[in-house]
Amino acid sequence: MAEINLYQYPISPFTEKVRRVLTHKHLGWNPIDCHYEDKTNLLAITGGKWTRVPVLEWKGEVVWNSADIIKWLDRKAPERRVIPDGALGLCEIIDNFADNTLFAPILMMTIPDLLDAAGDPKLKANREKLIGMTTQKMREGIPAARESLALYAAMIDTQLAGKDFFLGGGFTMADASLYHPFFFLALNQDNFAEVKRFSNLMRWYERVRDLK
Ligand SMILES: N[C@@H](CCC(=O)N[C@@H](CS)C(=O)NCC(=O)O)C(=O)O
């Protein structure tokens, strides 16, 4: 059994950011699936301080918030580092862009179909409250979301030309951060088809997805 406990949802993009880093570092983990409404285990492990996933527990220490987990892991397990010397600020800026700017249109495009397919009215009401928007309103925002996604995907594709990974060397936190929204987008293959024309992005997506 691995020593690391990772509180998660299997489809959580923010958890996927951390899972990519754990995979790169060859660190195994025990996935602990959480409930969207019952936060008892998250509150217990974080001393009442946090109700979101991911939360990571290792050797008696508990860390949450995906970017903070990755920075902590890079100190705790420095082999196969993901934050190159002198690039912490850059990684943090890219992470912020990925979580707040790139992820926003992908959330709009993905959530309505996902919730409708789940067919669980309680889950739907819970997620609409969390996001602060009805699925109907989200659907209205999809044309604009598609345009934003195309713009961001083109920027990322440009930067990836001739490179295996975003910062030009090996896999870094920047790749984990930028990958997680595309992981979520890929839950719906019709939506994912919208970025297939970006060939550098596609090659990079598969490289990060298939990390060993
Ligand atoms: N800034 C946090 C965001 C984490 C987050 O929002 N996680 C989502 C799931 S992907 C969540 O737990 N939302 C609250 C909920 O599901 O009740 C991070 O990077 O870890």
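Mentor: H4 and H5 run roughly antiparallel to each other, because their angle is over 145 degrees. On that scale, under 35 degrees is roughly parallel, 65 to 115 is roughly perpendicular, and the rest is oblique. The model is predicted: local features need pLDDT of at least 70, side-chain atom pairs count only at pLDDT 80 or more, and totals for chains, interfaces and linings use all residues. Numbering starts from 1 along each chain, as its sequence is written.

H4 and H5 (residues 121–131) pack at about 160 degrees, with axes 9 Å apart. Axes here are lines fitted to C-alpha atoms, for helices over the stretch in contact, and angles run from 0 to 180 degrees between N-to-C directions. Helices (H or I, at least four residues) and strands (E, at least two) are DSSP runs, numbered from the N terminus. From H4, Ile111, Leu115 and Ala118 meet Leu123, Lys124, Arg127 and Ile131 of H5. Contact means C-beta atoms, placed from the backbone, within 7 Å. By class, this contact has five nonpolar, no polar and two charged residues. Nonpolar covers Ala, Val, Leu, Ile, Met, Phe, Trp, Tyr, Cys and Pro; charged covers Asp, Glu, Lys and Arg; the others, Gly among them, are polar.

H4 (residues 88–118) also packs on H7 (residues 142–159), at about 140 degrees and with axes 9 Å apart. That angle makes H4 oblique to H7. The crossing of H4 past H7 is left-handed. Left-handed means that the near helix is turned anticlockwise from the far one by less than a right angle; clockwise gives right-handed. H4 brings Thr101, Leu102, Pro105, Ile106, Met108 and Met109 to this contact, and H7 brings Ile142, Ala145, Arg146, Ser148, Leu149 and Tyr152.

Now H1. H1 and H8 (residues 173–185) pack at about 140 degrees, with axes 8 Å apart. They are therefore oblique to each other. H1 passes H8 in a right-handed crossing. H1 contributes Pro13, Phe14, Glu16, Lys17, Arg20 and Val21, while H8 contributes Met173, Ala176, Ser177, Tyr179, His180, Pro181, Phe183 and Phe184. The classes are nine nonpolar, two polar and three charged.

Next, the domains. The chain divides into domain 1 (4–76) and domain 2 (88–207), with bounds from an automatic or database domain assignment. Their centres, taken over C-alpha atoms, are 20 Å apart. Domain 1 puts twelve residues into the contact, and domain 2 puts in 15 residues. On the domain 1 side, H1 (13–24) and H3 (66–76) each supply at least two residues. H1 gives the largest share of that side, seven residues. By class, that side has seven nonpolar, one polar and four charged residues.

Last, the ligand. Its shell holds Ser12, Pro13, Phe14, Tyr36, Arg52, Val53, Pro54, Asn65, Ser66, Ala67, Asp99 and Leu130. The cut-off is a C-beta atom, placed from the backbone, within 6 Å. H1 and H3 are the elements that give two or more residues to this shell. Its residues divide into seven nonpolar, three polar and two charged.

Val53 and Pro54 are joined by a cis peptide bond, with omega about 10 degrees. Pro54 sits in the loop between H2 (40–45) and S3 (55–58). Asn65 has phi near 80 degrees, a positive value in a residue other than glycine. Asn65 lies in the loop between S4 (61–64) and H3.

Definitions and conventions
Two residues are in contact if their C-beta atoms, placed from the backbone, lie within 7 Å.
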